[in-house]
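Subject: Structure handover

Hello,

Please find the structure below. My notes on it follow.

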Amino acid sequence: MKTTLADIKHGQRGVITDVSSIHVPLKLLEMGCLPGNSVELVQVAPFADPMYLNINGTHLALRKETAIHILIDISNE
């Protein structure tokens, strides 16, 4: 199932398949938001923004307005 990172639910895991480099800051790409890397939603802040993610062992806080530009395949584990 292909979806955006903004749609991932608490505890779900997936793999990043595509990143819109126009809308995603270079710093996030340098920190691991690259195709092929695993991602897991750890926690969501009040009002659902920002999201606290584990991307290949790196913990990041990411706003939903940026997360909608990152496509993932959700794992069925």
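This is a predicted model: local features need pLDDT of at least 70, side-chain atom pairs count only at pLDDT 80 or more; totals for chains, interfaces and linings use all residues.

Overall fold and dimensions

The protein has 2 helices and 6 strands. Read from the N terminus, the order of the elements is β-β-α-β-β-β-α-β. The C-alpha trace spans about 25 × 25 × 20 Å along its principal axes. The radius of gyration is 11 Å, which agrees with the value near 11 Å that a compact globule of 77 residues would have.

Of the contacts with a separation of 6 or more, 57% are accounted for by residues 24 or more positions apart.

Surface and core

The accessible surface comes to about 4700 Å², and carbon and sulfur atoms hold 53% of that area. As for burial, 34% of the 77 residues count as buried.

The largest nonpolar core has 20 residues, and the members that touch the most others are Leu 5, Leu 53, Ile 70 and Ile 72. At least two residues of this core come from each of the following elements: strand 2 (13–19), helix 1 (26–30), strand 3 (38–44), strand 4 (51–55), strand 5 (58–62) and strand 6 (70–74).

Thr 66 is part of helix 2, which covers residues 64–67. Is Thr 66 buried or exposed? Its relative accessibility is 13%, and the cut-off for buried is under 20%, so Thr 66 counts as buried. Setting aside neighbours within four places in sequence, Thr 66 is in contact with His 23, Val 24, Pro 25 and Leu 28.

Thr 17 sits in strand 2. With a relative accessible area of 26%, Thr 17 is partly exposed, because that class runs between the 20% and 50% limits. Not counting residues up to four places away in sequence, Thr 17 touches Lys 2, Pro 35, Leu 71, Ile 72 and Asp 73. Among these, Ile 72 is also one of the core residues that touch the most other members. Which distance separates the C-alpha atoms of Thr 17 and Gly 36? They are separated by 6.1 Å, with the two residues 19 apart along the chain.

Regards

Conventions:
Residues are numbered from 1 along each chain as its sequence is written. Side-chain values use heavy atoms; hydrogens and water are left out. A nonpolar core is a set of buried Ala, Val, Leu, Ile, Met, Phe, Trp, Tyr and Cys residues joined through side-chain atoms within 4.5 Å. Buried means under 20% relative accessible area, exposed over 50%, partly exposed in between (1.4 Å probe, protein chains only). Helices (H or I, at least four residues) and strands (E, at least two) are DSSP runs, numbered from the N terminus. The radius of gyration is taken over C-alpha atoms; the globule rule is 2.2 Å times the number of residues to the power 0.38. Contact means heavy atoms within 4.5 Å. Accessible areas come from the Shrake-Rupley method with a 1.4 Å probe; for residues, only the protein chains shown count as cover.
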